[in-house]
Each structure stands twice: as C-alpha cells, then as structure tokens.
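This briefing is intended for reading alongside the sequence and coordinates.

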Amino acid sequence: MNDKTLITFIVTFIISVISFISYSSFNSETFGDEFINQVRIADSEDTLNELNDSDLVNLGKEICLNAEKWTNENASIEIITSQINNYGLLINKDDRIVPILRFQSTYELCPENISQLENLFINNE
C-alpha cells in the first residue's frame, strides 16, 4: 500500500466513524420514550391525556419506585390509584389504566423491580 492509499483509507474510516456516531446520537431514544408510547397506546379511555409526557414519566417512576409496598395485588392497585390521584386525575381502582401503568412502569422504567411484580401474581395464587 502506498502512502496515498493509506491516507485515503484512514480519512474514509474517520469520516465513517464520525458519521455513525452523529447518526446514533441524533436517533437515540430518551429515558421513558417507550414507556410513554406504550401507555398512550393502551390508554384508550384517555384517562391520562391531561398529563404531559414529563409528568407521565414521573408518575411511572413513582409507581415503580413504590413496588416494595405492593404486598398483594389489591395493595398495589390502591397505591397506584392514590399516586394517579395525586396528579389531579380522579380515577377509581377499577380503571383499566391502573394495571397497565403497574406493568409498563415496572417493565420500562424500573426493570430491577420486575421480581416484585412477579411476586404479586405468585402470592395471589
């Protein structure tokens, strides 16, 4: 390989790496994007429409960070309903968004608490 070919190869390689890094940084998802998308799709009754995306992610984090208080399924529903009500959204414990938020917040925002979610259903059997 002569010097000109080597320099061309190095420059092409550097440009490729810079292009890849730039593309990756512009197309990366931010924390909670998938959670927001999934909850908005599942919220067919538009229960959470009044919440902006940032508040929805904060609600999801609050829900999954309180997973250690979920002693059983009913307790988890009560806790989650209370947390939603704290955002000014008055819902009851039978609202279908409650189990959706319980699952999605744990799965998307706090996967380290998935075992707590699993325990709810093991303990209910």
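Which residues does phenylalanine 35 touch, not counting residues up to four places away in sequence? Phenylalanine 35 touches Leu56, Val57, Gly60, Leu101, Gln104, Ser105, Glu108 and Leu109. The model is predicted, and its mean pLDDT is 85.

**Confidence**
- Of the residues in the chain, 91% reach a pLDDT of 70 or more.
- Confidence is highest in helix 3, with a mean of 93, and lowest in helix 6, with a mean of 77.

**Nonpolar core**
- The largest nonpolar core contains 27 residues, and those that touch the most other members are Phe35, Leu48, Leu56, Trp70, Ile84, Ile97 and Leu101.
- At least two residues of this core come from each of helix 2 (33–42), helix 3 (53–65), helix 4 (73–85), helix 5 (97–109) and helix 6 (114–124).

**Nonpolar surface**
- Leu6, Phe9, Ile10, Phe13, Ile14, Val17, Ile18, Phe20 and Ile21 make a nonpolar surface patch of about 880 Å².
- One of these patch residues, phenylalanine 20, belongs to helix 1, which spans residues 3–26.
- Phenylalanine 20 counts as exposed because its relative accessibility is 56%, where the cut-off for exposed is over 50%.

**Salt bridges**
- Side chains of opposite charge can pair when their charged atoms come close.
- The whole structure holds 3 salt bridges.
- Aspartate 53 and arginine 40 form a salt bridge through their side chains, at 3.0 Å from N to O.
- This pair connects distant parts of the chain, with aspartate 53 in helix 3 and arginine 40 in helix 2, 13 residues apart.
- Aspartate 53 is partly exposed at 39% relative accessibility, and arginine 40 is also partly exposed, at 27%.
- Glutamate 73 and arginine 102 form a salt bridge at 3.8 Å from N to O.
- Here too the pair links distant parts of the chain: glutamate 73 lies in helix 4 and arginine 102 in helix 5, 29 residues apart.
- Glutamate 73 counts as partly exposed at 25% relative accessibility, whereas arginine 102 counts as buried because its value is 4%, and buried means under 20%.
- The side chains of glutamate 78 and lysine 93 meet in a salt bridge, at 3.8 Å from N to O.
- Glutamate 78 is in helix 4 and lysine 93 is in the loop between helix 4 and helix 5, so this pair ties together parts 15 residues apart in sequence.
- Glutamate 78 is partly exposed, at 45% relative accessibility, and lysine 93 is partly exposed with a relative accessible area of 45%.

Definitions and conventions
Residues numbered from 1 in each chain as written. Predicted model: local features only at pLDDT ≥ 70, side-chain atom pairs only at ≥ 80, totals over all residues. Heavy atoms only, no water. Patch = residues over 30% accessible without salt bridge, like charges linked within 9 Å, V, L, I, M, F, W, Y side chains within 5 Å. Areas by Shrake-Rupley, 256 points an atom, 1.4 Å probe, with all protein chains shown as cover. Salt bridge = Lys/Arg side-chain N within 4 Å of Asp/Glu carboxyl O. Helix = DSSP H or I, 4+ residues; strand = E, 2+ residues; numbered from the N terminus. Buried < 20%, exposed > 50% of the residue type's maximum accessible area, 1.4 Å probe, protein only. Core = buried A, V, L, I, M, F, W, Y, C linked by side-chain atoms within 4.5 Å. Contact = heavy atoms within 4.5 Å. pLDDT = per-residue confidence, 0-100.
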